[in-house]
Protein chains: 2
Amino acid sequence: MQTDLNKLIEQYRSELYDNVLPFWLENSIDNEFGGYFTCLDREGKVFDTDKFIWLQGREVWLLSMLYNNVEKRQEWLDAAVKGGEFLKKYGHDGDFNWYFSTTREGKPLVEPYNIFSYTFATMAFGQLAKATGNKEYEEIARKTWDRILSKTDNPKGKWNKLHPGTRPLKNFALPMILCNLVLEIQHLLDDSMLKTTTDAFLKEVMGDFMRPELGGLVVENVMQDGTLCDCFEGRHMNPGHAIEAMWFIMDLGKKLGRPELIEKAKDTALLMAEYGWDKEFGGIFYFMDLKGCPPQELEWDQKLWWVHIETLISMIKGYALTGDERCLRWFERIHDYTWEHFKDHEYREWFGYLNRRGEVLMPLKGGKWKGCFHVPRGLYQVWQTLEYIRSERPDLAAKMPEILKTV
Amino acid sequence: MQTDLNKLIEQYRSELYDNVLPFWLENSIDNEFGGYFTCLDREGKVFDTDKFIWLQGREVWLLSMLYNNVEKRQEWLDAAVKGGEFLKKYGHDGDFNWYFSTTREGKPLVEPYNIFSYTFATMAFGQLAKATGNKEYEEIARKTWDRILSKTDNPKGKWNKLHPGTRPLKNFALPMILCNLVLEIQHLLDDSMLKTTTDAFLKEVMGDFMRPELGGLVVENVMQDGTLCDCFEGRHMNPGHAIEAMWFIMDLGKKLGRPELIEKAKDTALLMAEYGWDKEFGGIFYFMDLKGCPPQELEWDQKLWWVHIETLISMIKGYALTGDERCLRWFERIHDYTWEHFKDHEYREWFGYLNRRGEVLMPLKGGKWKGCFHVPRGLYQVWQTLEYIRSERPDLAAKMPEILKTV
């Protein structure tokens, strides 16, 4: 890794500006039907035209967020509106129940069974409303937020295949995403709603899923009563997920002025990175089993782009906000792995799926789950956090070369 | 591969009798609550106690089938009844809607969304009724069969997440399994039911999913109107699935006295084996994409036990029933791969999941999807087919060493 901070900042900024954003702006926009293509091969050619609402929402969010936070580029706003209009017309059933996917033209393909279609739509319209001042977009974000809150008890609704009562589990993913979402749409929430929901989500994430009896490890599922469950779901570990959640918590800790929350989140990110690191081939495993039993997921040992990019964010934020040297060392380790294995040095954008050895498993740049989101968000977040270190924490900036030399 | 036919027969027979069956009889039976443990580690120790109805039904079937067809061993029948009684009491909702899984004690965990829980229950009770003469078991098989027929239009019922009408696809798996199931329960069906259903399933399998415009390749999903669909599901290829179906069709062809059906099935099995073979590392891929696009499934390049065992069956049946030398050569190729990579030479039973290179990905011997089924069924089928060659087709037996020498 580059140890000159100015050059490192420039590396992340230019990768975002000159490589990743042009890839999506040139290849993903559907000028005929609106919305975005996300199934893009190594070079950026469309290989499938179905539209997945997670990724439609995430691209609207990313482009509007950059417009709001970085630069008022008309090209970004126009592209964001193109996705927003598609989502507004075709993404939901008329009553803000968000489909999982539609055809290229916008006909519903998969029913609104997945709560994260709702959360990413809320993020999208929250940022797009801010970028445009459009009241209709604001209303969509607000109404979808209400829908989400009304569904937290049974997010899958009638598509839930679990028999009621036998083994009531709750899952980490929803409260985790909501910890991020409250910050994304704070401009749309009144203070009391913001406080109540934030407290509730934080309590779940830091209370139920972070387990003192496991030395602080974060599990993906616990029983409704808060106990651990020795079943496949109860043993399921997703280190990247937990590490990602920790930078949401650090952001919340910063906003709420709660340094102890930041400290805890930073320690947990470090713990989960250590836990998930593949000592044989490098990289962080996708899934693990708490007791070392064979996991259900055959892809458990693969190395996924988002896991590593989210770890970069958590580690650099951990360093910037607490000065913990271990965070900077982990940042370097993951930086080296990520830029070596995920970045495509021949074509633009990054690979998403590597096998355990770090070899490319699928050469796609976008698909059903990988879109214009984790790579550009990660580049933006790391770039901005490095900028923060340079401008706000010259003491930490000064220590960087020395810490990295001792690795 | 052993080219002495007598020794080859003994290899398959003794692997079944001395290795695989004892593994399941000693480790899988739950003497406390009935039914079977299927989550067994490399040595046979239980690592999870949930009961998956697919695998409960399949183990009942396997043990009863061996009792009916091979030897009247009381131990096999007792173990089969233990699973049958568990299924009878806890496997369904009282109205022959079969859950996907239950707890160890039999409390329903996952709702009856999966039609294959029904098909394997029917197989189980069909054979168990034959083994015991118990009319109640017969009735369960008959009633579940009726349920299946009433659900063929929308097997997932209310758990179906596809929006009605937009892209009406039909899937290969159900008619394929039904081609096998009609033979399994023919003793319970009257002639007209047998004829009508067999004709219908055969027409679907050999008509809709086998595509002349693709040189005869078998696809997993087509539109209801029989056309191909250029979407993830429409491009989805599962070579092992298609190859497995082909020995069901050969069995049907033999029963119906239709040699042209056998010929077509044998040619298709050869075609799909050629199509699915990994020329770099050996073994047959789990999933492929018809157009070579990145598949949805991250596990696409893995090598699974059942794919290879089903290919062994289809190839040896193809040779036995048609004399096609290519089948015998493929049998040898898959035999060598399978015995080298899937058989555990230290502990009993076979591995299930290998990575692309053929290295063990997960050391389990049983899990959520692997139970007492494909390995013992495959050993039984190959053993019996080799016996058939020895006793009924001495001409083919005599040609074997010569054909194999030229490989």
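Predicted model: local features only at pLDDT ≥ 70, side-chain atom pairs only at ≥ 80, totals over all residues.
Let's start with helix α9 of chain A, which covers residues 239-256. Its axis and that of helix α11 (residues 305-322) of chain A come within 8 Å, crossing at roughly 35°. The crossing of α9(A) past α11(A) is left-handed.

Quite a few residues take part here. On the α9(A) side you'll find G240(A), H241(A), I243(A), E244(A), M246(A), W247(A), M250(A), D251(A) and K254(A), while α11(A) brings in W306(A), V307(A), E310(A), T311(A), I313(A), S314(A), K317(A), G318(A) and L321(A). Sorted by class, that contact has 8 nonpolar, 5 polar and 5 charged residues.

## α6 and α9

Helix α6 of chain A (residues 173-184) is another partner: α6(A) and α9(A) pack at about 35°, with 9 Å between their axes. Here too, α6(A) passes α9(A) in a left-handed crossing.

From α6(A), the residues involved include M176(A), I177(A) and L183(A), and among those they meet in α9(A) are F248(A), I249(A) and L252(A). The residues of this contact split into 10 nonpolar, 2 polar and 3 charged.

## α9 and α13

Now look at helix α13 (residues 374-392) of chain A: α9(A) packs with it at an angle of about 45°, and the axes are 14 Å apart. That angle makes α9(A) oblique to α13(A). The crossing is again a left-handed one.

To see where they touch, pick out E244(A), W247(A), F248(A) and K254(A) on α9(A), then H374(A), R377(A), Q381(A) and Y388(A) on α13(A). The tally for this contact is 3 nonpolar, 2 polar and 3 charged residues.

## An aromatic pair in chain B

Over all chains, the count of aromatic pairs comes to 62. Take W277(B) and W330(B): their ring centres are 5.6 Å apart and their planes sit at 80°, so the pair is edge-to-face.

The two residues are 53 apart in the chain, so to speak, and the pair links distant parts of it. W277(B) lies in the loop between α10 (259-276) and β11 (288-289) of chain B, and W330(B) belongs to helix α12 (residues 325-341) of chain B.

Finally, step back to both chains.

Which surface do they use? The copies meet through the same surface, because 100% of the interface residues of chain B are also interface residues in chain A.

Terms used. Residues numbered from 1 in each chain as written. Chains lettered and ligands numbered in written order. Heavy atoms only, no water. Axes fitted to C-alpha atoms, helices over the stretch in contact; angles between N-to-C directions. Helix = DSSP H or I, 4+ residues; strand = E, 2+ residues; numbered from the N terminus. Parallel < 35°, antiparallel > 145°, perpendicular 65-115°, else oblique. Left-handed = near helix turned anticlockwise from the far one by under 90°. Contact = heavy atoms within 4.5 Å. Nonpolar A, V, L, I, M, F, W, Y, C, P; charged D, E, K, R; others polar. Phe/Tyr/Trp six-rings, centres within 6.5 Å; stacked < 30°, edge-to-face > 60°.
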